[in-house]
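Trainee: Please take a close look at the aromatic rings in this model. I would like one connected account of how they are placed.

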Amino acid sequence: MSFPFPWIAEHRRVVRTRHPVLLATILLTIGAAPNTAVTTGTDQATLETLRAADLRLGAIGYRLAHANAALCADRAPVTGLIVHAIDQYDVSEQATARTTFGFESAIAVEAVVPGSPADRAGVRANDSIVSVNARPVPVASGGGHVATRDAFAVMLEAQPSDRPLAMILRRAGQERPVTVPASPGCRTLFELRVGPSMDAVADGRLVQISSQFLERFDDSQLAVVVAHELSHNILRHHVRLEAAKVSRGLLRELGRNGRIFRMTEDDADRLSVHLLRNARWDPASAVAFWKGPGARIDGGIFHSRTHSSAGKRAENIALEIAAIPPGAPIPSVPPIVATRDQPLR
């Protein structure tokens, strides 16, 4: 998870142009965002590269969120849409964004996860979204470059997760209705942050992954990182850390703060085993990750007294895998999920 939640707010302040920020709210993804504001134009090739990155992370987030609906107390429609808003882009870049992504409304489909409910319903990249369940897509005034995106995410999250979504799409000036089948999943947004850092963050509603992870790891390794962060949200660690008054500042590694942080990180590793298994990834890939590439990354969330050593993490994960009963169903709900409402001590 790591703990630097204030970084989320900073990210939202500085980004003006967007690389689609992944809002795989189980219904969407929003796209990736650079670390600092970009004032020069972005060409179509760059935007297509970003589209591919968003789809890659969106597909992993969709697969984990959908397969683990039974573990999540908070659910939302998980459709496999990856969407973005025109005002996520700087004014100087909007013409290129419209040419590349089709924008004929404030919200457009950047990509669609193959085989997802949205894909089966016939939604395609570069469709623009006019309405969802007879509600027009919002166009926010004020509130920054992500205001429209966030308003759309809130609208989607408010839709019943166990019912189909009736959408009106527009393409080349022509509107068409589609019905996306019901597909409940974990209520979590997935966002790609573009930049040189190696950060992965969960804040209860959002999982944010740095683009460096996509450059360094294959999909099975990336799934290990995303499953760990999603586990923090399922276990409500953000809320429980606040209730326990655990410091996220300079004292976060010391004494009680460090002990509780390590406990939440270890618990997220344990639950991630089951998220991976339910999504039909081999959970042993997490053991291999922490014995290999995860152990070789310097700095950031991987080397801190708030986390167990890479070797210890691999050991704990292997023990959790060994404890899974032979023939356990998929999906399965492990006992640790029942701790999500317990105080952290």
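Mentor: Phe103 has 5% relative accessibility and therefore counts as buried, the limit being 20%. This is a predicted model, and Tyr89, at 2% relative accessibility, is buried too. The model has 6 aromatic pairs. One of them joins Tyr89 and Phe103: the ring centres are 6.2 Å apart and the planes stand at 75°, so the pair is edge-to-face. Tyr89 belongs to the loop between strand E3 (81-85) and helix H3 (94-101), while Phe103 is in the loop between H3 and strand E4 (107-112); the two residues are 14 apart, and their pair links distant parts of the chain.

Another pair is formed by Phe213 and Phe217, with centres 5.8 Å apart and planes at 45°, so this one is tilted. Both Phe213 and Phe217 are buried. Ring pairs also bring in Phe289 and Trp290, and with Phe213 and Phe217 they form a cluster.

Phe289 and Trp290 are among the buried residues of helix H10 (residues 284-291), together with Ser285, Ala286 and Val287. The cover over the buried residues of H10 includes helices H7 (219-234), H9 (255-278), H11 (293-296) and H12 (310-322).

Two rings also carry a charge over the face. The charged end of Arg313 is placed over the ring of Trp290, 3.8 Å from its centre. Arg63 lies over the face of Trp281, 3.6 Å from the ring centre.

As for confidence, the mean pLDDT of the protein is 86, and 85% of its residues reach 70 or more. Residues 1-30 have pLDDT below 50, though this stretch has 170 contacts in the model beyond near neighbours in sequence. Where pLDDT is low, the predicted coordinates should not be read in detail.

Key
Residues are numbered from 1 along each chain as its sequence is written. This is a predicted model: local features need pLDDT of at least 70, side-chain atom pairs count only at pLDDT 80 or more; totals for chains, interfaces and linings use all residues. Side-chain values use heavy atoms; hydrogens and water are left out. Buried means under 20% relative accessible area, exposed over 50%, partly exposed in between (1.4 Å probe, protein chains only). Helices (H or I, at least four residues) and strands (E, at least two) are DSSP runs, numbered from the N terminus. Contact means heavy atoms within 4.5 Å. pLDDT is the predictor's confidence in each residue, from 0 to 100. Rings of Phe, Tyr and Trp (its six-membered ring) pair if their centres lie within 6.5 Å; planes under 30 degrees apart count as stacked, over 60 as edge-to-face and the rest as tilted. A charge sits over a ring if NZ of Lys or CZ of Arg is within 6 Å of the ring centre and within 35 degrees of the ring normal.
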